[in-house]
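Colleague: I would like to learn how to read a model like this one. Could you walk me through it?

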Amino acid sequence: MEIERVQEIATLSTLKGTIPSEFIRLENEQPATTTVHGVVLEVPVIDLSNPDHQSLVASISEASKNWGLFQVVNHGIPSELISELQKVGREFFELPQEEKEKIAKPIGYEGVEGYGTKLQKEIEGKKGWVDHLFHRVWPPSAINYHFWPKNPPSYREINEQYAQSLIPVADKLLGLLSRGLGLEDGEVKQGLGGEDLIYMLKINYYPPCPCPELALGVVPHTDMSSITILVPNEVQGLQVFKDGHWYDVAYIPNALIIHIGDQIEILSNGKYKSVYHRTTVNKDKTRMSWPMFLEPPPEFEVGPIPKLISQDNPAKYKTKKYKDYVHCKLNKLPQ
Ligand code: OGA
Ligand code: NI
């Protein structure tokens, strides 16, 4: 069975000037009719090098309660490394199709890792205008290099460097989130599996789309992860849902976009909110993004941190294994 990639569909669609009907969203979902135009919403931008720890805790915790999304600058990851990460990822997606298929998700395989296109159609049989690649990058015991591109040859080294440089940033963010809940630095990370926390990298590849006002890239969702640390390219596309409307999130060169995911919402017993977001596509340009999902190990149980619950503030979420959470979410079963 041959799987059709959006990248190939895009080439044909651009020639014809139309897109297949399964990519045309229902009217109440189309970006043209549902985006608030002329306003680029001011998602909080936080300077991670701020020496005033108290104010850093306060701004991260406010952003995580009110938005579930913020951007960080002065995070310490060199801009050259971010550019290289983007370059090797783009080079992989620009390889001939048969090269990419070598690391495709095998047919019938249940795992997440590999090159692919979302197969499961959504409600009304609609599809998103995006292909992807998933592979774990940390810890070493969780890595399966089979799903890492062999080409370009520097792909592995650059991605390993990026993963290494992200660890202190992730630890700092989790520490600040922990402080914001009145806990010690390490308690949130501990509640997510501690040093066994898994770094799952995804690359999204959104080819140019002749009808960007009718299609969506990634459809509305919250991330299942604890937090997601995302590097975008310069093409606008990420939108957040706030107060009943969809807003574009401004692109800031070299900033990292932090999403609060479901596991942090659960662990904080609802104090921090996972962000509902989606992506739009562009008529002439390829958009790409590199979200890193920080996930608890599959067998690890996540639930509201006991210190945060009391008789007055009972647990709002179940405590369950991360793999069971994922299963329910993917199969649209109650949690
Ligand atoms: C995702 C996602 C956003 C983006 O892949 O979960 O939300 O900017 N991506 O591509
Ligand atoms: Ni997402």
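Modeller: Happy to; we will take the ligand site, then the sheet, then some backbone details. This is a predicted model, where local features need pLDDT of at least 70, side-chain atom pairs count only at pLDDT 80 or more, and totals for chains, interfaces and linings use all residues. Residues are numbered from 1 along each chain as its sequence is written, chains are lettered from A and ligands numbered from 1 in the order in which they are written, and side-chain values use heavy atoms, with hydrogens and water left out.

Colleague: How many residues surround ligand 1, and which are the closest?

Modeller: A residue is near a molecule if one of its heavy atoms lies within 4 Å of it. Here 13 residues surround ligand 1, and the closest are Lys202, Tyr206, His277, Arg287 and Ser289. By class, the shell has 5 nonpolar, 5 polar and 3 charged residues. In that scheme Ala, Val, Leu, Ile, Met, Phe, Trp, Tyr, Cys and Pro are nonpolar, Asp, Glu, Lys and Arg are charged, and the others, Gly among them, are polar.

Colleague: Which polar side-chain atoms lie by an oxygen atom of ligand 1?

Modeller: Look for pairs of N or O atoms within 3.5 Å, which is what a polar contact to a ligand means. Polar side-chain atoms of Asn204 and His221 each lie 3.0 Å from an oxygen atom of ligand 1, and one of Asp223 lies 3.4 Å from such an atom. Taken alone, ligand 1 exposes 290 Å², and the protein buries 98% of that (Shrake-Rupley method, 1.4 Å probe).

Colleague: Which strands supply the shell around ligand 1?

Modeller: Strands are DSSP runs (E, at least two residues) and helices likewise (H or I, at least four), numbered from the N terminus. Strands S6 (198-206), S11 (277-279) and S12 (287-295) each supply at least two residues of the shell, and S12 gives the most, with 4.

Colleague: What is the order of the strands in the open sheet?

Modeller: Two strands pair if DSSP finds at least two bridges between them. The 8 strands run S2-S3-S10-S7-S12-S6-S5-S4, with mixed pairing. At the edges, S2 (45-47) and S4 (114-116) each pair on one side only. S6 and S12 pair in the antiparallel sense over 7 bridges, and Leu201 stands opposite Met292 in S12.

Colleague: What does the UniProt annotation cover?

Modeller: The unreviewed UniProt entry annotates residues 196-296 as "domain: Fe2OG dioxygenase"; such annotations may be inferred rather than shown by experiment. The span is 6% helix and 42% strand, and its end C-alpha atoms lie 7 Å apart.

Colleague: Where are the cis peptide bonds?

Modeller: Most residues other than glycine have a negative phi, and most peptide bonds are trans. The bond from Trp138 to Pro139 is cis, with omega near -5°, and another cis bond joins Asn151 and Pro152, with omega about -5°. Pro139 is in the loop between S5 (131-138) and H6 (155-180), and Pro152 is found in the loop between S5 and H6 as well. Asp243 has a positive phi of about 50° although it is not a glycine; Asp243 lies in the loop between S8 (238-242) and S9 (245-249).

How values were computed: A polar contact is a pair of N or O atoms within 3.5 Å; within protein, one must be able to donate a hydrogen and the other to accept it, and residues adjacent in sequence count only if both atoms are side-chain atoms.
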